[in-house]
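Here is a friendly walk through a protein model with its sequence alongside.

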Amino acid sequence: MTAMTDHPVTDRPSLELLKEVEQTLYREARLLDTEQFETWVEMLAEDIHYYMPSVENRYRSDPTDTSKDPSRMAFYNDDIAMIRTRVARLRTGTAWSEDPPTRYTHLITNIEVELTDRPDEYRVYSNFYSYRNRNERDEDVLVGRREDLWRRDPEGRLVLAKRVITPTWSVLPGKNLNVFL
Amino acid sequence: MAEDYSRYIDLDEGWVDRSIFHDEDIYQAELRQIFARSWNFVAHESQLPRVGDFLTTYMGEDSVIVTRHRDNTIRVFANSCPHRGNRVCFADVGNTRRFTCNYHGWSFNTAGALLGMHAEYAYDEKDLDRDQTRLQPVAKVDSYKGLVFATFDPDTPSLQDWLGDYRWYLDMLLDNEEGGTEFVGGCIRSEINANWKFGVENFIGDAYHVGWTHDSGTRAVTGGQPFPPADMTNSYHASVNGHGWEFGLDGFGDIMVLGSQSILDYYTGMKPRMSERLGQLRSQIFGSIASGSIFPNISFLPAVHTFRTWLPKGPHKFELRTWVIVNKAMPDEIKEECAKRVMLTFSPGGLFEMDDGENWSNCTTTNKGVVTRRQPLHYRAGLTRQIHDHPELPGTIYRGQYNDANQRLFFQRWADLMNAESVTELPDRRGATPAAARI
């Protein structure tokens, strides 16, 4: 399997496409920050793989690459049904650790768009800085990189078909992971 | 005079003093009296299949390296150079022939013995005793059906005695099918601002919190149904030497929590074999709503396939390390499905686990209040529900899954260790051994 990062750049994306992708990522972040999860789910492809592997500290001499082996433990290793189940939990009214609500801000930066072999799919890199704060002064900062595949659906919308989230931490610095990244 | 830690626990009336979740001096005593003398879980054998494989973990707050040495035995020693004390290994896992300190290049083999160092001419012959200068080994390493334990204290009773008849229960987790168990690759780690005992006592017996804390997760996986009421007749708490297991007898409740048809089909197909292997009763216990903890800081949900340790990081913080434990005999696609479903339910982002951390965190931090701290905590559920006549269940048995019995008996063992001058003098907390459960 060729790693996504080694894929040749076949052509440059248009400024129009760059702007469209950028605005799509910002919109996605706003929907998550304002808890519009159902609208966010509409931005996902039915065959999405939403994946955030666990992180191991290994020596440079160790050739093991565990970051793209979905049989291993992962913070997220979801299909669309699993994501919908997570959203369903948030809407039960008894998700106690979200009441009062957690405040989130996703900052999305370092956006790059690459064309792929398929005219309707784009590879998109971005970084996130996600700050969350709840109750008096319970706060976490989650930072990492994302590698996405966005697809243009028959109606012309961009939908997220694949996301690999690479966290910068190895021990999650917080009591839970209650946020989509 | 030594402190009497029994005064923090009122076993007969069911009260626990909040200081044990807050006080720095008590925490330091726990590191000396409990973690430096207990059998600590350090690895599953499947994590170290080849010679030279290693991982790093903690026994209490002591950083240790666990290796498979060239004689194929598992070795455990301190991750600290005898020269200036620096860590000698910074990787979580890997394979190596030596551990070399970054500071002066002192190098040690996979048994912890000194191999050499940078600029050896710095030392004259009498300066350095090469046999004595090594990474400090633990006193004993032993394993039970794949789980590797280590202790720093040579006087600690054998692992077999330490676990005792709890092995009758553990076999449901570790030996319910030919071939035993293995860990799925990887480890999920998170850091929670809570006292380590809140994790242990939750898993050792707190079935009670599930229907309330985890209502949202339950409704999410059941399409809106709440958690079913407990059957208080056909469910139990069992405690042996401070280890505990709470369980029902329905055989499938926890398997349903995973919400996977293929895993359900797998167990439906193999339950008759499990029954032949472990007997009818244990094949009914396995799969029910259940949880367990091995004293002092190891926990699991048997049929949910999550296995974890609560590593203490001060009185108000622990690091949670979780793994997925599966049967070796499972087809690969079932193992993968188990891993995915554990991640969906019992990882920091899991539908169920998500709501635990905040509770434990606030159970800990409220005790900063000096007046708040004076109020003892209520552990009185099921005070009078002990039974003595169960024909098969070993240990101290209480009827009814919603119960604080295992928690009380965990704190009793905690006080035993905290008070004991020597681990050879621990009181007998084995409970009963019915003939049917003899191992």
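## How chain A is put together

In chain A, among contacts between residues at least 6 apart in sequence, 59% join residues at least 24 apart. Please keep in mind that this is a predicted model.

Which elements does chain A contain? There are three helices and six strands, and read along the sequence they follow the pattern α-α-β-β-α-β-β-β-β. The radius of gyration of chain A is 17 Å, close to the 16 Å that the globule rule gives for 181 residues, so chain A is as compact as a globular protein of that length. Along its principal axes, the C-alpha trace of chain A spans about 50 × 45 × 30 Å. Of the 181 residues in this chain, 25% count as buried.

## Where the two chains meet

Now look at the place where chain B touches chain A. Chain B brings 38 residues to this contact, and chain A brings 33 residues. On the chain B side, the elements that give two or more residues are strands S7 (93-95), S14 (188-192) and S20 (318-327), along with helices H6 (215-222), H10 (332-345) and H11 (356-365). The largest share of that side, six residues, comes from H6(B). Sorted by class, the chain B side has 16 nonpolar, eleven polar and eleven charged residues.

Is H6(B) mostly covered or mostly open? It is mostly covered, as six of its eight residues are buried. These buried residues are B:Ser216, B:Gly217, B:Thr218, B:Arg219, B:Ala220 and B:Val221. What covers them includes helix H3 (80-90) of chain A together with helix H7 (253-257) of chain B. After H6(B) comes B:Gly223, with a positive phi near 70°.

## Two helices that cross in chain B

Two packed helices are described by the angle between their axes and the distance between the axes. In chain B, the axes of helix H4 (residues 196-205) and H11(B) come within 9 Å and cross at roughly 125°. That makes H4(B) oblique to H11(B). The crossing of these two helices is right-handed.

Which residues meet here? From H4(B) there are B:Phe198, B:Gly199 and B:Asn202, and they meet B:Asp356, B:Trp360, B:Cys363 and B:Thr364 in H11(B). By class, this contact has three nonpolar, three polar and one charged residues.

## Some backbone details

Most residues other than glycine have a negative phi, and most peptide bonds are trans.

|---|---|---|
| A:Asp99 and A:Pro100 | about 5° | between H3 and strand S3 (103-115) of chain A |
| B:Phe295 and B:Pro296 | about 0° | between strand S17 (290-294) and strand S18 (298-301) of chain B |

A:Asn135 has a positive phi, near 50°, and sits in the loop between strand S4 (121-134) and strand S5 (138-152) of chain A. Is A:Asn135 buried or exposed? A:Asn135 is exposed, with 12 other C-beta atoms within 10 Å.

In chain B, B:Asn72 has a positive phi near 75°. Its place is the loop between strand S5 (62-68) and strand S6 (74-78) of chain B. B:Asn72 is exposed, with 8 other C-beta atoms within 10 Å.

Conventions: Residues numbered from 1 in each chain as written. Chains lettered and ligands numbered in written order. Predicted model: local features only at pLDDT ≥ 70, side-chain atom pairs only at ≥ 80, totals over all residues. Contact = placed C-beta atoms within 7 Å. Helix = DSSP H or I, 4+ residues; strand = E, 2+ residues; numbered from the N terminus. Nonpolar A, V, L, I, M, F, W, Y, C, P; charged D, E, K, R; others polar. Buried ≥ 20, exposed ≤ 12 C-beta atoms within 10 Å, placed from the backbone. Rg over C-alpha atoms; globule rule 2.2 N^0.38 Å. Axes fitted to C-alpha atoms, helices over the stretch in contact; angles between N-to-C directions. Parallel < 35°, antiparallel > 145°, perpendicular 65-115°, else oblique. Left-handed = near helix turned anticlockwise from the far one by under 90°.
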